[in-house]
Each structure stands twice: as C-alpha cells, then as structure tokens.
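I opened my notebook to work through this structure one spot at a time. Here is what I looked up.

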Amino acid sequence: MKKIIAIVVAICFVACKPAEKTNNLKFTVVTTTTMITDLVKTIGGDAIEVKGIMGAGVDPHLYKASEGDVSKLTSADLIIYNGLHLEGKLVDVFEKMNQVGKKTIALGDFLAHEQIINSEAFASSHDPHIWFSIQNWKTIATKLTEALIKENPENKLVYQKNGADYLAKLTALETEVKTKIEELPVEKRILVTAHDAFSYFGKEFDFEVVGLQGLSTATEAGVKDVQRISDFIIENKVRAIFVESSVPKRTVEALQASVNSKGHTVVIGGELFSDALGNPSDEMGNYIGMFRYNVNTIVNALK
Amino acid sequence: MTNAQLEIQIILSLVAVACALPGVFLVLRKMALISDAISHSILPGIVLGFFITQDLASPLLIVMATLTGVLTVVLVEYIQKTGLVKEDTAIGLVFPSMFSIGVILIARNAGDVHLDVDAVLLGEVAFAPFDRWMYNGIDMGPKSLWMIGTILTVSISLLILFFKELKVATFDAGLAASLGFTPIGIHYGLMTVSSVTTVGAFDAIGAILVVAFMIVPAASIYLLTNNLKKMLVYSALLGVFASIVGYWIAHFLDASIAGTIATVLGLLFFMVYLFAPDKGYISQWYKIKQQKTEVAMLVFMLHIANHEEEQERNVNHLQEHINWTSQLARKVLRLANQNNMIVIKNDVVSLTPKGAEFTNKAVSYISDNKNAELEGIKQNFFLFRG
C-alpha cells in the first residue's frame with residue numbers, strides 16, 4: 001500500500017504543473033453532437049466559446065471519450081446535449097450534473113410531447129433523431145436562444161440577433177426543401193435507409209420511411225426483414241435506397257442484391273448524413289448544408 | 001491536477017486492484033476470458049430488466065445484468081465440472097447462446113428502442129467524476145468510487161477469510177476434497193465474486209479495460225513468481241501502476257483513457273515477457289545457448305576419453321576431428337578448461353580426474369538412461385554456475 005501511495009504521489013508531482021489559466025473569460029459551452037455544436041456556434045457567434053465533444057462521422061451512441069473531455073466538461077459554464085438517450089449513458093451523467101450545480105440542457109426537453117415520436121411498444125422510449133424535423137429545429141433554436149440569454153445575460157443582444165437571423169435562414173431552408181420535394185409525386189415518397197433515423201423527416205415531408213435496422217445497434221437486420229422490405233420495394237416500384245454516413249453499408253447492399261435478384265432494379269441513391277454532420281470545412285459540415293444535401297440526394301435519386 | 005483528474009485515478013486504481021485479485025485465480029484456473037464472455041452474456045438480463053421497468057436508466061437493469069453474469073459463470077463452472085470439455089470450450093458454449101437470447105428478445109419485442117450493453121451498462125471513466133452520489137444534498141463523491149470500493153472491500157475480506165481454501169482448491173482440487181471441504185463451493189464462490197466485480201467494473205470504466213485489468217497483470221506476474229501471495233500483491237500493484245502512468249499518457253496525448261491504459265498494460269506484459277529472470281524470452285534464449293555449448297563440451301570430452309593417441313588430441317587439429325567451426329572449438333575448450341575438466345600440455349589435451357568422472361557419469365546416463373544420473377551431473381557439474 002505504501003508503494004502505491006508513493007507512486008501516486010511521485011507521479012502527481014511530475015504531472016502537476018500549474019493549471020494553465022486561460023485568460024479567456026468567454027462564456028464556455030460544451031456540446032455533444034456535431035448538429036448541436038453547429039447550432040450553438042451559430043447562435044452564440046463570437047460571444048461563446050463552443051467546445052464540441054464528438055467529431056464528424058461519429059455515431060453518438062458509441063462515442064468513446066478522450067482524456068481532454070474531462071477538462072472540457074470541468075471548465076464548461078453550460079453543457080448542451082441532445083437527450084432522449086441519443087448519447088447513451090452520457091445522458092444519465094448529464095442529468096445528474098444538474099444536482100451538483102453544473103448547468104446542463106437537453107434539447108429534447110425543449111420539444112412538446114406531440115413533437116416527439118415515441119416507440120410503438122414502449123411509451124417511455126423516444127426516437128432521438130429530432131433534428132430531422134426543421135419545425136423541431138426551429139422550436140429548439142428559439143428556446144435555446146432564450147436559455148442562453150438567461151444563462152449569460154451580458155450577451156443578450158448578440159443571441160437575439162443571431163437567433164432571429166438563424167430562424168429566418170431555417171424558414172428559407174424549409175421553403176426551399178418543400179419546393180424541391182414537390183418535384184416528387186406523393187406515391188414516390190418512399191425512403192428506405194439503413195437504420196431508423198428518418199422518422200421525423202418522413203412525418204414532416206410526407207415520406208413513408210422504412211429502416212432496415214432498428215434503433216439499437218446490437219441487433220442486425222433479420223432475413224425476414226430483408227425479404228419483407230424487398231417485396232415492399234418491388235410492390236411500390238421504389239427506384240433507390242440509401243446508405244448512411246455512420247452505419248455500415250453491408251445490409252443495404254444485401255437488400256439491393258435481394259431486390260435485383262427478383263427482377264426489379266433498385267440503385268443505391270447515395271449516402272445520407274444521419275447521426276453526424278460532414279467535415280466542418282465541407283458544405284455538409286453545417287445543419288443547413290446537410291439538410292439541403294440530404295434532400296437533393298433523396299429527390300434526385302427517387303425522381 | 002483538478003479534483004476530477006484525481007478522482008479518475010483513484011477510481012482506476014481501485015478497479016485495477018478489484019480486478020487483479022480474482023484475475024490471478026482466473027488466470028491460474030485457465031478461465032481468464034470469463035470477463036470478456038460476461039460482457040456479452042449479460043445482454044438478456046438487461047433486456048428483461050428493461051421489459052420489467054420500461055426505463056433504460058433504471059438500476060434494476062444493472063441488477064439483472066449482475067444476476068445474468070452470475071448465471072453465466074455458474075453454467076460455465078457446471079459444464080467445465082462435467083470434465084467433458086475444456087475450460088475455454090465451456091466459456092465458448094455459454095456466452096454466445098446467452099448473447100443470442102438477448103439479441104432475439106430485442107429483435108422480437110424492442111426493435112425501436114435503443115437497447116444494448118453500450119447504452120445501458122458500459123461506463124466511461126472520463127465521465128465517472130461527474131456522476132456523483134448525493135445524500136441529503138451533500139456531495140458524497142463519485143458513485144462509481146463507492147460501488148467499486150464496496151466490491152473491493154467485500155472481495156478482499158473474502159480473500160483473507162478463505163485464502164487457504166482458495167489456494168488448495170485452485171492448485172489441487174483433489175487434495176481440497178480429501179481435506180474435507182468442497183472445491184466446487186469455493187469455485188462457485190470465486191466465480192460469483194469475479195462476475196459481480198466484472199459487472200461493477202463495466203459500469204465504472206467500460207468493457208475492454210476490465211478485461212485487460214483481469215488478465216494482463218496476473219499473466220505478467222505469473223512469469224515472475226509462482227508464489228500465490230506475491231502474485232496477488234504484485235498484480236494489484238502492476239494494475240495500479242499501469243492505471244496512473246496510462247492516465248497521464250492519455251492526458252498528454254488527449255486520447256482515450258481506457259485505450260491508453262490497456263496499451264500500457266500490453267507493453268508492460270511484453271517487457272516482462274522479454275526480461276523475466278526465469279521464464280522470460282531472453283533468459284530462455286540464453287539457457288538454450290548454454291545447453292548447446294554444454295552438449296558440445298560433452299561430445300568433446302567423450303572424444304578425448306575415447307582416444308589415446310596424441311595425434312587425435314592435439315589442440316590445433318580438434319576442429320577437424322569433431323567437425324566444428326574454430327569459434328565453437330575455442331569456446332568449448334575454454335569452458336572445459338575453466339571448469340578444470342581438462343589440462344593442455346604441449347598442445348595435447350588430457351582429462352583431469354574431475355573430467356574423467358564427468359565423462360563416465362555422462363556415458364552411464366546415455367547407456368542406461370536413468371534420470372538420477374542426469375540430476376547428479378546437473379548438480380555436480382552445472383557448468384555455468386561455477
């Protein structure tokens with residue numbers, strides 16, 4: 001035991017350099033997914049120091065933390081996350097942080113009950129992919145602006161202005177996306193994807209959404225699922241199915257092979273961004289660009 | 001160093017000790033992979049817990065996971081006890097079946113719920129300091145610190161109480177039975193403790209590091225000592241050492257804490273494997289080299305003993321007669337000379353009385369193949385020990 005203590009103490013001495021004081025007195029916000037990082041950066045502008053935990057292309061269910069996240073979370077004035085179990089066990093941690101005086105906000109809590117899609121079998125379980133409804137995202141942006149003003153009143157004007165600008169942009173995006181989707185007749189609006197991420201999108205834009213894999217990543221698509229969906233595709237003459245950036249392509253390719261073997265041709269219409277945005281430098285690295293890209297990919301492939 | 005960082009290191013050290021203790025016994029019993037098996041086999045427990053509570057965050061899910069973990073080790077122990085299959089096969093029989101039951105339950109009943117081991121159980125040590133236990137509004141410290149502390153206290157108490165029984169049951173189950181206590185009871189007890197520790201540690205620090213903490217320290221120290229008490233103490237120390245060193249490497253690299261510690265443990269094992277005094281690679285390699293030279297010397301001595309004529313015993317012609325390189329010939333000659341087995345006069349080699357005795361014994365060993373002779377040779381003439 002003495003040895004252990006000696007080693008601990010020795011290493012502490014070596015490792016303890018005086019904590020680097022960041023002269024940065026900016027309001028610091030830690031965010032989880034890339035969608036949330038983008039949202040907070042947009043509304044906060046220069047007034048907020050935003051530190052995103054998850055990078056592009058990361059599956060939020062399976063995120064592995066790095067040591068730097070500890071200091072990020074320690075130094076945060078406010079933590080903003082998606083909630084509804086999107087971030088797995090992290091959600092429990094964030095919920096409990098409120099008890100020890102660290103302010104956390106779950107974006108899922110901003111939505112009214114009827115804006116959230118529930119699991120069919122278990123009422124207490126919700127679909128966490130709330131960002132695929134622009135309506136929801138507008139509600140969230142509005143409420144988040146209010147929350148930021150409450151937490152950091154000094155920068156009220158910045159948040160108000162950026163929030164209003166962003167709402168206008170989201171409304172423009174909504175119009176643009178609706179016009180684009182109008183190009184598709186209602187009977188062609190069938191979206192077949194790798195996993196159940198697009199229910200909100202389907203609800204808002206009248207798409208019938210079919211996910212090959214359930215929400216959980218532990219189960220894989222069953223043989224029967226593939227059969228059922230491939231019959232469905234043939235019956236409805238669906239022209240394209242889609243892969244997702246954060247889910248393996250394999251099952252979707254199996255589905256394509258199954259459909260093609262029955263004499264109906266279905267193509268893979270492209271890769272959709274589901275649980276994470278693209279690289280920050282790309283067009284798909286922000287919410288609006290991602291949404292536009294997804295809609296264009298879907299509409300062009302199904303036309 | 002912030003409080004959070006200190007707490008992470010304390011949690012890691014406690015988990016390292018809590019895993020190393022049962023780990024030693026698991027490695028000795030050839031059941032090291034049971035911790036990995038448990039990480040899969042607890043899925044049906046979690047699923048059933050969810051069906052009962054309908055809440056992914058309920059503690060009942062962890063309780064059910066622990067029970068399923070115990071069920072896993074009981075089944076493994078039972079199958080292994082039949083003697084029909086080996087230890088690893090018993091593990092391999094149990095955990096895929098249990099995992100599949102969980103997968104089928106999800107696919108049939110809960111396809112639209114995010115239900116898996118990652119989401120429910122597996123923790124991340126980086127976030128452990130933020131999950132605190134509040135009692136009457138007072139901050140009592142991280143929850144996982146309390147949980148793993150309790151598990152550790154219980155397992156150390158059990159270890160001290162049943163140390164003798166554990167020792168005998170692990171090394172000699174037959175003797176244990178004849179001494180009047182049942183090794184089966186001890187085995188089930190040990191496996192239950194291992195299972196509870198594993199599930200508790202999963203909740204605190206995640207799966208892969210728990211497997212590493214269970215196996216690597218015990219396996220490394222096993223190369224250094226066969227003494228059970230020393231194995232337990234040093235394995236625990238090695239685990240703690242790796243945790244703290246790994247943590248700070250992760251800090252400077254901004255990398256995954258669990259991943260870095262597991263890597264450090266792997267490197268430590270590699271070092272031990274290379275440099276262990278007796279079972280290590282370098283020491284083994286050196287021993288084999290020594291043996292080769294010893295055998296060469298024996299051949300040389302037999303040659304000298306068999307030849308009266310000086311022509312055959314001349315130093316400068318030796319290598320032609322026995323077909324050696326001059327380098328090996330010189331080495332053998334030096335070794336024999338150092339051990340007073342031969343004398344060289346006028347370039348002619350003769351055996352000393354000691355050399356003659358050695359050769360005689362060796363010849364009689366070769367002809368009647370009795371090990372007693374060999375042991376005698378080894379003890380009296382073990383060349384490299386003077």
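**Entry 1: a loop in chain A**

I found Asp206(A) in the loop between helix H7 (199-205) and strand E6 (208-213) of chain A. Helices (H or I, at least four residues) and strands (E, at least two) are DSSP runs, numbered from the N terminus. The model is predicted: local features need pLDDT of at least 70, side-chain atom pairs count only at pLDDT 80 or more, and totals for chains, interfaces and linings use all residues. Residues are numbered from 1 along each chain as its sequence is written, while chains are lettered from A and ligands numbered from 1 in the order in which they are written.

Asp206(A) has a positive phi of about 60 degrees, although it is not a glycine. I noted the background: most residues other than glycine have a negative phi. Is Asp206(A) buried or exposed? Asp206(A) is exposed, with 10 other C-beta atoms within 10 Å. The cut-offs: a residue is buried if 20 or more other C-beta atoms lie within 10 Å of its own, exposed if 12 or fewer, and partly exposed in between, with C-beta atoms placed from the backbone.

I placed Leu84(A) in the loop between strand E3 (78-81) and helix H4 (90-97) of chain A. Leu84(A) has 21 other C-beta atoms within 10 Å, so it is buried.

**Entry 2: Glu208(A)**

Glu208(A) lies in strand E6 of chain A. I read it as partly exposed, because it has 14 C-beta neighbours inside 10 Å. Which residues does Glu208(A) contact, leaving aside its neighbours within four places in sequence? They are Arg189(A), Ile190(A) and Gly202(A). Contact here means that the C-beta atoms of two residues, placed from the backbone, lie within 7 Å. I also checked Glu187(A), which is 21 residues from Glu208(A) along the chain; their C-alpha atoms are separated by 9.1 Å.

**Entry 3: chain A as a whole**

I counted 10 helices and 8 strands in chain A. Of its 303 residues, 42% count as buried. Among contacts in chain A with a separation of 6 or more, 63% join residues 24 or more positions apart.

Chain A divides into domain 1 (26-176) and domain 2 (185-302). These bounds come from an automatic or database domain assignment. The centres of the two domains of chain A, taken over C-alpha atoms, are 26 Å apart. Their contact takes 24 residues from domain 1 of chain A and 22 residues from domain 2 of chain A. On the domain 1 side, helix H2 (34-44), helix H5 (134-151) and helix H6 (156-182) of chain A each supply at least two residues. H2(A) gives the most to that side, with 4 residues.

**Entry 4: chain B and its cores**

Chain B has domain 1 (3-279) and domain 2 (282-385). Their centres, over C-alpha atoms, are 54 Å apart.

I then looked for nonpolar cores, meaning sets of buried Ala, Val, Leu, Ile, Met, Phe, Trp, Tyr and Cys residues joined through C-beta atoms within 7 Å. The largest has 173 residues, and Val125(B) is one of those that touch the most other members. Helix H1 (residues 3-28) of chain B gives the most to this core, with 16 residues. A second, separate core of 13 residues includes Phe300(B) and Ala336(B).

Helix H14 (residues 281-306) and helix H16 (residues 326-338) of chain B have axes that come within 9 Å and cross at roughly 80 degrees. Axes are lines fitted to C-alpha atoms, for helices over the stretch in contact, and angles run from 0 to 180 degrees between N-to-C directions. H14(B) and H16(B) are therefore roughly perpendicular to each other, a label for angles of 65 to 115 degrees.

Phe300(B) is among the H14(B) residues in this contact, and Ala336(B) is among those from H16(B).

**Entry 5: an enclosed helix**

How many of the 8 residues of helix H2 (residues 34-41) of chain B are buried? The number is 6, so H2(B) is largely enclosed by the rest of the structure. Ile34(B) and Ile38(B) are among the buried residues.

Note on methods
Parallel < 35°, antiparallel > 145°, perpendicular 65-115°, else oblique.
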